Structures are given as C-alpha cells and as structure tokens.
Amino acid sequence: MVLDAVERLGVEPSFCAGHSLGEYTALTATGALAFDEAVRLVCERADAMHEAGSANAGTMSAVLGLDDEQVEIACRRADSDVWVANFNAPGQVVIAGSPDGVAAASAIAKEFGAKKCMPLQVSGAFHTPFMVPARDRLRVAIADASPRDTEVPVVSNVDAAAHDRGNEWSSL
C-alpha cells in the first residue's frame, strides 16, 4: 500500500532495500519478483528456517550498552556455538547460537560492562551457521523463481551491495 501511494505521488526510487523479510518487498517493488512469487519464497523461507531451527536448537539475545567489538570478543571467549547475528545500532548487538553459548557470551558481555543482555523470544539461532540448511534450501527456491533484472537496484542484506541482475539473488 505504501509503495502504491508513493508511486501515485510520482516518487521514483534510485535504490530499494529492506531488512530481512523486507528484502522480498524490495525485490517485489522493483519488479524482480511478482507478488505471488515473493509470497511463495517467504513461505519457503519460513518452512526452511523452522526445519533448520528444529534440527539445531538455538536462541538469540540482545546485548545492550556494549561496543560491537566487545560483543564479538565475548562471543569468541565463550568458546561455544555463539556468534554476532545483527549489529542493530550503536550499543545494541544481537547474538545467537546454542542456548549454552548465548548464556556464556551474555555472562562475559555483562563482565565487560553490558547494561543488559535481553533474551529474545525466537525459535532459532537466526543469522548464524545453524541456518545453513535453510540458506541452501532457499537458494534453490530463489533460483527456481528466476528473479528478473531490474532498472532499480536492491541493496542486499548479505553484502550491502546494490544488485540489479536477477540471477545474482540465488547466490547471496
């Protein structure tokens, strides 16, 4: 609806972008995907991520009030399956991995001076190696959808680069 309203105002984008699921919206807005193709891919993504999360139990936590580098060090020092998943904003970094790994990294982050480590109510360790099976499955689904080349590039969540070639999306 927002895209329709903006187009009616005559606004033409130079680039499009969307975070996480919003990337599918951006691909649809540029014409790389038709609406029904995007819906199919979002459903496939949900199924793939659910299966990956069921096969490899994980969790996530937001670390507040600590520098990005210190959060990365806390994950490494935890010596477990835990990684930085998202750099949301200065002083807000999300970590993800095994429940034990996230707990260990959170404890270390608090020792480093984190104001709070807030567990997130999620069903998996998203944006981590635990999701590799989902990524592999989704790459096939994206290739099958055959995204089209576009005049307006979409900035990818994976590499923060602008892409206008449809065949690039299945390898990101």
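**Briefing on the predicted protein chain**

Thr30 is placed in helix 2, which spans residues 22-30; helices (H or I, at least four residues) and strands (E, at least two) are DSSP runs, numbered from the N terminus. The model is predicted: local features need pLDDT of at least 70, side-chain atom pairs count only at pLDDT 80 or more, and totals for chains, interfaces and linings use all residues. Residues are numbered from 1 along each chain as its sequence is written, and side-chain values use heavy atoms, with hydrogens and water left out.

**Helix 2**

- Thr30 counts as buried because its relative accessibility is 15%, where buried means under 20% relative accessible area, exposed over 50%, and partly exposed in between (1.4 Å probe, protein chains only).
- Leaving aside residues up to four places away in sequence, Thr30 touches Cys16, Thr150, Val152 and Val154; a contact means heavy atoms within 4.5 Å.
- Gly22 also lies in helix 2, and it counts as partly exposed because its relative accessibility is 22%.
- Between Gly22 and Leu9 there are 22 Å in space, C-alpha to C-alpha, at a separation of 13 residues in sequence.

**Overall architecture**

- The protein chain contains 6 helices and 7 strands.
- Read from the N terminus, the order of these elements is α-β-α-α-β-α-β-β-α-β-α-β-β.
- Along the principal axes, the C-alpha atoms fill a box of roughly 50 × 35 × 25 Å.
- Of the 172 residues in the protein chain, 38% are buried.
- Among contacts between residues at least 6 apart in sequence, 66% join residues at least 24 apart.

**Surface and charge**

- The protein chain exposes about 9,800 Å², of which carbon and sulfur atoms supply 54%; accessible areas come from the Shrake-Rupley method with a 1.4 Å probe, and for residues only the protein chains shown count as cover.
- There are 13 positive and 24 negative side chains, and the centres of the two sets lie 5 Å apart. Lys and Arg count as positive and Asp and Glu as negative, while His and the chain ends are not counted; the place of a charge is NZ of Lys, CZ of Arg, CG of Asp or CD of Glu.
- Asp67, Asp68, Glu69 and Glu72 form a patch of negative charge on the surface. Patches consist of residues with over 30% relative accessible area and no salt bridge, with like charges joined within 9 Å and nonpolar side chains (Val, Leu, Ile, Met, Phe, Trp, Tyr) within 5 Å; a salt bridge is a side-chain nitrogen of Lys or Arg within 4 Å of a carboxyl oxygen of Asp or Glu.
- Asp67 sits in the loop between strand 2 (59-64) and helix 4 (68-77), and is exposed because its relative accessible area is 53%.
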